[in-house]
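The following questions and answers examine selected features of a predicted model. Please consult the sequence and structure shown here while reading.

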Amino acid sequence: MKRLTQFFLMLSTATALAHEPVYTTAEFRSEFAAVNFEPNSTKLTPQSSAALDSVAVILKRNPEQHRYEVHGHTCPDAETADASARSSVQRVEAMVKYLRSNGVPTANITTVINPPAGITAAGCTRDRRVEIMLVETRQVEVKPEPVAVTEPSSPARTVEDVMEDGRKRTAPESITPPPASEPKLTEIAAEQGKQAVAIYMAGDEPKGAQGVHKIMGGELARVISGSESYLAVDRTEIILEQLAKEHTYQRSGAVDDDQIKALGQQLGVQYLCISDINPVGKRYYLDTRLVDVVSAEIMRSVTETSALKDAEDMSRIARSIALELIEPEATRNARLLRKKIFRYTAIGLDILGAGMLAYGYYEETNVAKYVDESAKEPEAESAAKRRNAAYIVGGAILTSGITIHIFF
């Protein structure tokens, strides 16, 4: 009996040792952000600049605990390969410089220029894209494959993980990379004493205003994030993907109260900023609203009309809408009052200036009349002085009114 007990004790010990996990370290890379540059330029597109401003906030959080790589790409065309490589290097350097100017420590950021990865030369735009990759080193469990008793053991197999840019890395087959631990927008917003907002450009993009969703989404996020109360990120693509999965996306871009609440939970935000654009004649009607994801209540709504004729016009109207959405009521009322005062002041100056110019023209006719009569030379001189004064004063007043119209 004693020997039997010792045998079972040895067997249980051997079993425990056999199942003791073995760990190793492995690197995992996940795309943290991606931006595009203007064609043949090291200048970021407007929407990429806005997105990168939001990303910079995340990169500054616990900078010593994470490592990042900035990846540039080249195109495979042999005739332009050198130029593509130079452009990629310059764009990567521009990206790092941009992050540094936004207060991001770059000591833990390395740069990588990736060779072409099976992309055809025709229409290649990949070298305009630069990605920020989150590099994480984790302890992972290695589980060896079962080995048949009757056959000699063989070394554990490995699999090749081919990244999008063509580079390869090996990892034990049993390892399943966990998702990247990107800080949530709500956490970042809370640290700054702000509330998180997800931007959603709803509906189909108007054919006559190509790019308006990207430009307005990025500009809305940038201006809202610059406020004291909110931190915003454009989440249009993620929201569309989620609605498509649930088969709830409609061409109108409408989302009901239940969908708003569900999206708020999935995105981890307190508010949705929903903007819809519809053509009206030769102009566009923009309806933007800030919605509480808990109650689905519209906190504030702004409507505007615009021609949306170019990127500058799109950015301007987005800034105007964003300011009206986030301003406190008292500040908004004071701004509207100032705007009204400026408008009526400008109209008054326009009328007064036009009146003075009209009076100058009247005195001009008197000068011509008195000059014809030699006996009225003094009257002609006096009329000429009044004419000149009226033209000068009227011109100055009218110019002031026009200036107020333009700048205020």
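Q: Which residue in the turn of the hairpin formed by β9 and β10 has a positive phi?
A: In this predicted model, strand β10 covers residues 283-292 and runs antiparallel to β9, to which 10 bridges join it. The two strands form a hairpin with 2 residues between them. In that turn, the residue with a positive phi, of about 65°, is Gly281.

Q: Which residue of β10 stands opposite Ile277?
A: The strands β9 and β10 run antiparallel. Within this pairing, the residue of β10 that stands opposite Ile277 is Leu286.

Q: What is the bridge partner of Val197 in β9?
A: β9 also pairs with β7, in the parallel sense and over 6 bridges. In β9, the bridge partner of Val197 is Tyr271.

Q: How many of the residues of β9 are buried?
A: A residue is classed as buried when its relative accessible area is under 20%. By that criterion β9 is mostly covered. Of its 10 residues, the number buried is 7.

Q: Within what arc do the buried residues of α6 fall, seen down the axis?
A: Helix α6 spans residues 236-245, and its buried residues are Thr236, Ile239 and Leu243. Seen down the helix axis, these buried residues line one face of α6, because they fall within an arc of 65°.

Q: Against which elements do the buried residues of α6 pack?
A: The buried residues of this helix are Thr236, Ile239 and Leu243. The elements against which they pack are β7, β8, α7 and β9.

Q: Is Leu308 buried or exposed?
A: Leu308 lies in the loop between β11 and α8. Its phi is near 50°, a positive value in a residue other than glycine, whereas most residues other than glycine have a negative phi. With a relative accessibility of 2%, Leu308 counts as buried.

Q: What is the relative accessible area of Ala296?
A: Ala296 is placed in the loop between β10 and β11. Although not a glycine, Ala296 has a positive phi of about 60°. Ala296 is buried, and its relative accessible area is 12%.

Q: Which helix gives the most to the nonpolar patch?
A: The nonpolar surface patch, of about 550 Å², is made by Phe342, Ile402, Ile406, Phe407 and Phe408. Phe407 is located in helix α10 and counts as exposed at 63% relative accessibility. With 3 residues, the helix that gives the most to the patch is α10.

Technical notes. Residues are numbered from 1 along each chain as its sequence is written. This is a predicted model: local features need pLDDT of at least 70, side-chain atom pairs count only at pLDDT 80 or more; totals for chains, interfaces and linings use all residues. Side-chain values use heavy atoms; hydrogens and water are left out. Buried means under 20% relative accessible area, exposed over 50%, partly exposed in between (1.4 Å probe, protein chains only). Helices (H or I, at least four residues) and strands (E, at least two) are DSSP runs, numbered from the N terminus. The arc is that of the directions from the helix axis to the C-beta atoms. Contact means heavy atoms within 4.5 Å. Two strands pair if DSSP finds at least two bridges between them. Patches are made of residues with over 30% relative accessible area and no salt bridge: like charges are joined within 9 Å, nonpolar side chains (Val, Leu, Ile, Met, Phe, Trp, Tyr) within 5 Å. Accessible areas come from the Shrake-Rupley method with a 1.4 Å probe; for residues, only the protein chains shown count as cover. A salt bridge is a side-chain nitrogen of Lys or Arg within 4 Å of a carboxyl oxygen of Asp or Glu.
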